[in-house]
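Subject: Structure handover

Hello,

Here is the structure for you to look over. My notes follow below.

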Amino acid sequence: MITTLVGVILNNCTRCHSQELIYQNNLDRRQWDKIITEMEVKHGLEKLADTTRKEIINYLANNYGQIKDTVVNPMGTRAVNPLPLIQP
């Protein structure tokens, strides 16, 4: 399951930025959910199925979650996304 889930994450996220960007963010579940929504709304990420989204958020929060006793900017120190914003 994890191998498949990692593949889904890499296939969706690394089309636009490196996986190092994922590793450096250290976000909690709420923040990862917000990032995914931003990618869907502003940058054209295909909407994920609810179960897939929850699995991805759990995986990211458990493996790349907020480091105890630190406060992290919700956007981390990420590079600018190379995709243009989608205009309504």
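Helices here are DSSP runs of H or I with at least four residues, strands are runs of E with at least two, and both are numbered from the N terminus. By that rule, Asn25 sits in helix 2 (residues 19-25).

Two remarks on the source. This is a predicted model, so local features need pLDDT of at least 70 and side-chain atom pairs count only at pLDDT 80 or more, while totals for chains, interfaces and linings use all residues. Residues are numbered from 1 along each chain as its sequence is written, and side-chain values use heavy atoms, with hydrogens and water left out.

Overall picture

The chain has 4 helices and 0 strands. Along the sequence, the pattern reads α-α-α-α. The chain has 88 residues, and 32% of them count as buried. Buried means under 20% relative accessible area, exposed means over 50%, and partly exposed is in between (1.4 Å probe, protein chains only). The accessible surface of the chain is about 5,900 Å². Carbon and sulfur atoms hold 56% of that surface. These areas come from the Shrake-Rupley method with a 1.4 Å probe, and for residues only the protein chains shown count as cover.

Contacts are heavy atoms within 4.5 Å. Take those in the chain between residues at least 6 apart in sequence: 78% join residues at least 24 apart.

Salt bridges

How many salt bridges does the structure hold? There are 2. The criterion is a side-chain nitrogen of Lys or Arg within 4 Å of a carboxyl oxygen of Asp or Glu.

Asp33 pairs with Arg53, with the closest N and O atoms 2.8 Å apart. Asp33 lies in helix 3 (residues 29-43) and Arg53 in helix 4 (residues 50-64), so this pair ties together parts that are 20 residues apart in sequence. Asp33 is partly exposed, at 30% relative accessible area. Arg53 is buried, at 10%.

Arg53 also forms a salt bridge with Glu40, at 3.0 Å from N to O. That pair links distant parts of the chain, with Arg53 in helix 4 and Glu40 in helix 3, 13 residues apart. Both Arg53 and Glu40 are buried. Through shared partners, the salt bridges join Asp33, Glu40 and Arg53 into one network.

Back to Asn25

Is Asn25 buried or exposed? Asn25 is buried, with a relative accessibility of 7%. Its side chain reaches the backbone oxygen of Leu21 at 2.8 Å.

Best regards

Technical notes:
Polar contact = N/O pair within 3.5 Å; in protein donor to acceptor, adjacent residues only side chain to side chain.
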